[in-house]
Amino acid sequence: MLLLRTVRAVHRPLPMPCRLSVVSRFYSSPANAYEITETETRVNGQSIPRDAQTNVSPTVLSRMNRNLHLQPQHPISIIRQLIESHFTGFKTFNDLSPIVSTRQNFDDLLIPLDHPSRSRSDNYYFNESTLLRAHTSAHQHDGMRSGHERFLITGDVYRRDEIDASHYPVFHQMEGFAYFDQATVAKQVKEEMTHKDAPNVRVVDDTTFSDENPVQQCHTQDMVEPVAAHLKHSLNAMLRKLFADEPDLEVRWIQAYFPFTSPSYEVEIKYKGEWLEVLGCGVVRQELLNQAGLHDKIGWAFGLGLERLAMVLFGIPDIRLFWSQDERFLSQFTPGHIQKFKAFSKYPPCIKDISFWLPENKWQENNFCEVVRDVAGDIVENVKLIDDFVHPKTQKRSLCYRILYRSMDRNVTHEEINAIQDRVRDVVEKEFAVTLR
């Protein structure tokens, strides 16, 4: 199930149209090869037509097939293996293609056509019907139809997002799914719920069934209570296992909303003094089970972000490090073990500002960040809005962003950054028709 993308009751502005110019170019790396032409994108043996919805970028396509979750010595893979060892008896799917249909990514999960999670500014579309999966939940329907009552799906997922130390356009999710016979769920759950508490992990859970987080009309509370209890038991036990050596960890459960579960929950952990969401979960909407022919079943699902767990467990301060091929990073980790990352020299940053007048008072920051990332790559550490000004006479809006450039593995020169900043300014001016200041 898609259970990491939290749905919040907020208004999002309409996405700005993307006007990226396209030329026929072939890109190749040891892990990947793809070609972008005026009419199609060729990748992983597929030729996918382009249309007005197309916004997939070379930067993102270059990350495909890296499969960090399958590299045994990589922190992402180590976390995956530890979680899989906890969920014994679960079938694992780890090599499913990230190219999916909008039906798989949205429709199969009961996500409405006007839902903001479908936004072009949040996703990477090949065309109006094909995109890079935004969550491993895109495969949950196939998982249910596989005949396995319990399964885990792990893979890379793709979302357009802000630029900072904890956000990256490609990250990794794990999906967990289990279902039970409606008639015997209470008995089955009672037999399975055994665990030992970890005294260093404090779990706070005051969630209840309510009008805001309801039991589905087709379920009885007596049926849902053991499923929710089994879900919470399974995830609390997993966190206790992962964080057995972490001092004084705080975990809290809060009510949430997802179109595909009810009741629904988020789980957060306290990291560097702030609460960080690590997973979402809930009791599966019965419509989804019915679509898979499982009319007499009731189930739970969760989705978690492997990077967020790995950053806490391994003490990794910047999400870009996961993509590093620097041996000083990769050599620090051993399969089956969690050991704290030892930082090597942090190179000095170079900070540049870019300010501009908007042609109209509409702006989607994700699109801006995507352009900056496409031009500068992983040398961009942070992009932050530092000024938002509306001229009192003309009512024109001016924005100023501060861009922090820093390489993870070498010193950069001012000349190099100046050249990158000039390219950023040129592309931003052309793509968004802004007036640079």
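This is a predicted model: local features need pLDDT of at least 70, side-chain atom pairs count only at pLDDT 80 or more; totals for chains, interfaces and linings use all residues.
Side chains of opposite charge can pair when their charged atoms come close.

The domain assignment of the protein gives domain 1, made up of 66–98 + 133–331, and domain 2, which covers 350–436. The C-alpha centres of domain 1 and domain 2 are 35 Å apart. Contact between domain 1 and domain 2 involves 15 residues of domain 1 and 15 residues of domain 2. Together, domain 1 and domain 2 bury about 1,400 Å² between them, and 48% of this area is on carbon and sulfur atoms. On the side of domain 1, R160, I163 and R320 provide 56% of the area buried against domain 2, more than any other three residues.

R320 forms a salt bridge with E381, in which the closest N and O atoms are 3.0 Å apart. Across the interface of domain 1 and domain 2, one salt bridge is found, along with nine residue pairs in polar contact, both residues being at pLDDT 80 or more. The residues on the side of domain 1 that touches domain 2 comprise six nonpolar, one polar and eight charged.

In the model, the span 345–437 is 33% helix and 32% strand, and its end C-alpha atoms lie 36 Å apart.

Two details of the backbone complete the tour. Most residues other than glycine have a negative phi, and most peptide bonds are trans. The peptide bond from S262 to P263, however, is cis, with omega near 0 degrees. P263 is part of strand 13, which runs over residues 261–271. Elsewhere, N44 has a positive phi, near 50 degrees, in a residue other than glycine. N44 sits in the loop between strand 3 (40–43) and strand 4 (46–49).

Key: Residues are numbered from 1 along each chain as its sequence is written. Side-chain values use heavy atoms; hydrogens and water are left out. Domain bounds come from an automatic or database domain assignment. Contact means heavy atoms within 4.5 Å. Buried area is the accessible area (1.4 Å probe) that two parts lose on being put together, summed over both. A salt bridge is a side-chain nitrogen of Lys or Arg within 4 Å of a carboxyl oxygen of Asp or Glu. A polar contact is a pair of N or O atoms within 3.5 Å; within protein, one must be able to donate a hydrogen and the other to accept it, and residues adjacent in sequence count only if both atoms are side-chain atoms. Ala, Val, Leu, Ile, Met, Phe, Trp, Tyr, Cys and Pro count as nonpolar, Asp, Glu, Lys and Arg as charged, and the others, Gly among them, as polar. Helices (H or I, at least four residues) and strands (E, at least two) are DSSP runs, numbered from the N terminus.
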